[in-house]
Amino acid sequence: MGRAVIHIGLPRTGTTTFQAILADHRDVLARNGVLYPELTPRSATGTPPHISHQHLGETLDWRRPRAERRELTGALAEQVRAARPEVVLISYERLALLRPWHRGPAIFRELFAALGYKIEVLMTVRPQDGAINSQYAWRAQFLREARPFKIAFQRDLRDQRYDYARILEPWAAIAHTRPEVVPLQDARSGAPLVERLLDAVRLGHLKGELVDGAVPPQLENRSPGPFAVEISRRLRAECGPLGLENRAARQLTEEISTLLRKRDLDAESFRGLDDGARARAREAFGRANDAFAHAVWGEPWDACVASEPGRPPNDLQRTATERDEAIIAEIMTDLRGRYPIQARGSARLLARAKEAIARPFR
């Protein structure tokens, strides 16, 4: 039987770099008996294809019509039957976040059983404090976040999406082998993430053809910087839900990034974490992380997963100078003049946010 490797994520764990390399080298993979299928529904014809299998993933959590699920699973089966590869590789970072009622693992199990392939599961993880920081910046990037980082962080400490054992459980249940879990930064190895991922799925012999230094590791999808996050957050807080689809929201936040680049700002990604926040995360997740690490690696978490650099926060909610405030106000005024953005009277929300920021983490 062939192997069907399903890379489930998590988001913000270097997945875009990995997917970009796989998508750019489909011909190399095919010559070596590996299928990285291209799955784009007819409704998306004319748009740039996703480097990942996002369209398929969105049909599984009902963000796309059920008819497209049949279309894309049918296209996947057709490509597998035509190529009969030794390995089929599926990658979409939000598969890990599918709710049980979406039946994602069961759908893959039934599909690949019918095709005669055994399922293997690949998961990428990182310390939860860095994951929460990155997810906050991502939500701001799509105008989905109005809360100050500190408030969002405290809520996210209770979010089940950071319970890695719980996430892996339904996928491990459909796998024919022990799941492979790869840290974003490995305490045991200095090898680049992409090379470690290829080794984990027994495709390390393709490193020379796939990884040629042309793609900087883990830089394909850089998080927005502190000015971009703060401007986007204030727009959302000021206007409430803007009613913009992802593409329109991304267009607006890309415009914000363009305006900031012209001012030579946001050279670094957003950082909201301070020492207190990191300590809270270790306290919240430490025991569960160790149990997870012993289950998948046979070692403690800290022996396998390297801590991320603890650089000082650059969150402008807490550090903005008068000059920073003037830049933010100027850009927001510019955007209001060119986009259909209307304030909805959120003075109380903004006042509560400022009060919350003044209090330390505890």
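This is a predicted model: local features need pLDDT of at least 70, side-chain atom pairs count only at pLDDT 80 or more; totals for chains, interfaces and linings use all residues.
**Entry 1: strand S3**

I began with S3, residues 87-91, and looked up its burial. I found 5 of its 5 residues buried, so the rest of the structure largely encloses this strand. I then sorted the side chains by direction. Val87, Leu89 and Ser91 point one way, while Val88 and Ile90 point the other way. Both sets are buried. I noted the general rule beside this: side chains of a regular strand alternate between the two faces of the sheet.

Next I looked up the pairing of S3. Strand S1, residues 2-7, pairs with S3 in the parallel sense, over 5 bridges. Within that pairing I recorded Ile90 of S3 as the bridge partner of Ile6. Strand S2, residues 34-35, also pairs with S3 in the parallel sense, over 2 bridges. Here Val34 has Val87 of S3 as its bridge partner.

**Entry 2: helix H4**

I turned to H4, residues 66-83. The helix has 18 residues and reaches 26 Å from first C-alpha to last, close to the 26 Å expected at 1.5 Å a residue. I listed its buried residues as Glu68, Arg69, Glu71, Leu72, Thr73, Leu76, Ala77 and Val80.

What do the buried residues of H4 pack against? I found S2, helix H3 (54-60), S3, helix H5 (104-115) and strand S4 (117-125). After H4 comes Arg84, and I noted its positive phi, near 45°.

**Entry 3: Asn289**

I located Asn289 in helix H13, residues 275-296.

**Entry 4: second largest pocket**

I looked up the second largest pocket last. I recorded a volume of about 350 Å³. Its lining has 18 residues, and Ala96, Leu98, Arg99, Pro100 and Arg166 lie nearest the centre. H5 and helix H8 (164-172) each supply at least two lining residues. H8 gives the largest share, 4 residues. By type, I counted the lining of this pocket as 10 nonpolar, 2 polar and 6 charged residues.

How values were computed: Residues are numbered from 1 along each chain as its sequence is written. Side-chain values use heavy atoms; hydrogens and water are left out. Buried means under 20% relative accessible area, exposed over 50%, partly exposed in between (1.4 Å probe, protein chains only). Two strands pair if DSSP finds at least two bridges between them. The expected span of a helix is 1.5 Å times one less than its number of residues. Contact means heavy atoms within 4.5 Å. On a 1 Å grid over the protein atoms alone, a cavity is a set of points where a 1.4 Å probe fits but cannot get out, and a pocket is an open set with protein on both sides within 12 Å along at least five of seven lines; lining residues have an atom within 4 Å of a point. Grid points are joined across faces, edges and corners, and a volume is the space filled by probe spheres set on the points. Ala, Val, Leu, Ile, Met, Phe, Trp, Tyr, Cys and Pro count as nonpolar, Asp, Glu, Lys and Arg as charged, and the others, Gly among them, as polar.
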